[in-house]
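Thanks for asking me to look over this model.

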Amino acid sequence: VEAYEAAMVLSGVGDALGYRAGRWEYCTSGPQIHAELAQLGGLAAISLEPPEWPVSDDTVLHLATAEGLATGGEPLLQELARRYVAAMGDMEGRKPGPSSILGTSQLRPGEPEGYRIPFNPRGTGCGAAMRSLAIGLRYPHACELPTLIRVSIESGRMTHHHPTGYLGALAVALFGALGARGEPPERWGAELLRVLPLAWDYVEGTGVAVEDNAAAWPFFGEAWHRYLDSRGLLEGRGPPRVPSLPSPAERDTEYLGWALEGWPGRSGHDAPMVALESLLAAGRSWEELCARAVLHGGDSDSTGTIAAGCWGLREGLAGVPPGLHCRLEHRGRLRDAAHRLHALAWGTP
Ligand SMILES: [Mg+2]
């Protein structure tokens, strides 16, 4: 349960830190962000709390997922749709993405099939991925994989009805489940490639916009195949060949090579990719994890929320400066949701 609490709380920390009230989310220079952090006195000198350090859309929508799963409202997909729509009422100063705004405007929770929206050729962003770690925490067991696939895809395409978008939700949910089971990150990418054909079977089986989904399907798997091949991780066995990339500028260049439209970590395929790369390179070091996944020139609050959540699941809160999480906005809700998800997934001790 400590691991779950750390995962949920640190996902909010990664968001608030990477966001810095918009200043760092939209800064395109990792070196500049690191210079500004040094001026602040480093991570240990920061107290993450509003108004300078609010959580952004990532945490508000991740809470919608987590609390929807944790309260066990039924039917579940209607409950999640209702919560995503409601969450958009708490977006002042949090910079929600365009597909989240459009998608929630199209949802009709409570109506038959009201959790479905049309296919969106532009729905490739990471907005579904960033709110999906809780799905893995709720369904961590290997026998629950079909449920994890269904819930991550359907919740993901409530706003991001494009494979590059909603497969990001599947990836992050899967990483959460594997992390909760104690599987090392070296295995996570190979497991994702193994699961993708099962995900396609699900999408085809629903009969919803099958032709559009089929045409847009290959990119995500090809991008992940290329990345894992480059790291020697196609078989899921270490040690990974992760380049050291010691400077913020080198990391910005590397992440840019994976990105769509020149915005690293912005999309459903590369937000989890930046997160996984950072976990592999940082190991047990929180500082290094932040340097690589949270403080870079791309979509830093979203890669930060995914990576810091996964890191917390493995390492807990002990290695994190208290000022980063003690006064975090929505800390109590994140903690409570973690406790309820743990009880549902593993039984009450
Ligand atoms: Mg955000």
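1. Asp-301 is buried, with 29 other C-beta atoms within 10 Å. Here a residue counts as buried if 20 or more other C-beta atoms lie within 10 Å of its own, as exposed if 12 or fewer do, and as partly exposed in between, with C-beta atoms placed from the backbone. Asp-301 is found in helix 15. Helices (H or I, at least four residues) are DSSP runs numbered from the N terminus. Leaving aside neighbours within four places in sequence, Asp-301 is in contact with Asp-15, Gly-18, Tyr-19, Glu-25, Ser-56 and Asp-58; contact means that the C-beta atoms, placed from the backbone, lie within 7 Å.

2. Two points of bookkeeping before going further. The model is predicted, so local features need pLDDT of at least 70 and side-chain atom pairs count only at pLDDT 80 or more, while totals for chains, interfaces and linings use all residues. Residues are numbered from 1 along each chain as its sequence is written.

3. Which residues does UniProt list for "binding site"? The unreviewed entry gives Ser-56, Asp-57, Asp-58, Asp-299 and Asp-301. They span 246 residues in sequence, yet no two of their C-alpha atoms are more than 12.4 Å apart, so they gather at one spot. UniProt positions follow the numbering used here, feature names are shortened, and annotations may be inferred rather than shown by experiment.

4. The UniProt annotation "binding site" (unreviewed entry) also covers Ser-302, which lies in helix 15 (residues 300–315). Ser-302 is buried, with 32 other C-beta atoms within 10 Å. Beyond four places in sequence, Ser-302 has contacts with Asp-58, Cys-126, Met-130, Gly-265 and Ala-271.

5. Asp-57 sits in helix 3 (residues 57–71). Is Asp-57 buried or exposed? Asp-57 is buried, with 27 other C-beta atoms within 10 Å. Not counting residues up to four places away in sequence, Asp-57 touches Met-91, Arg-94, Lys-95, Pro-96, Gly-97 and Ser-100.

6. Thr-65 lies in helix 3 and is buried, with 29 other C-beta atoms within 10 Å. With residues up to four places away in sequence not counted, Thr-65 touches Leu-80, Arg-131, Ser-132, Ala-134, Ile-135 and Ser-155.

7. Now the helix pairs. The axes of helix 1 (residues 2–19) and helix 3 come within 9 Å and cross at roughly 160°. Axes are lines fitted to C-alpha atoms, for helices over the stretch in contact, and angles run from 0 to 180 degrees between N-to-C directions. Helix 1 and helix 3 are therefore roughly antiparallel to each other; angles under 35 degrees count as roughly parallel, over 145 as roughly antiparallel, 65 to 115 as roughly perpendicular and the rest as oblique. In this pair, Met-8, Ser-11, Gly-12 and Asp-15 of helix 1 meet Asp-58, Thr-59, His-62 and Ala-66 of helix 3.

8. Helix 8 (residues 163–180) and helix 9 (residues 188–206) pack at about 130°, with their axes 10 Å apart. That makes helix 8 oblique to helix 9. Leu-167, Leu-170, Ala-171, Leu-174, Phe-175 and Leu-178 in helix 8 meet Trp-188, Glu-191, Leu-192, Val-195 and Ala-199 in helix 9. The residues of this contact divide into 10 nonpolar, no polar and one charged, where Ala, Val, Leu, Ile, Met, Phe, Trp, Tyr, Cys and Pro count as nonpolar, Asp, Glu, Lys and Arg as charged, and the others, Gly among them, as polar.

Note on methods. Helix = DSSP H or I, 4+ residues; strand = E, 2+ residues; numbered from the N terminus. Contact = placed C-beta atoms within 7 Å.
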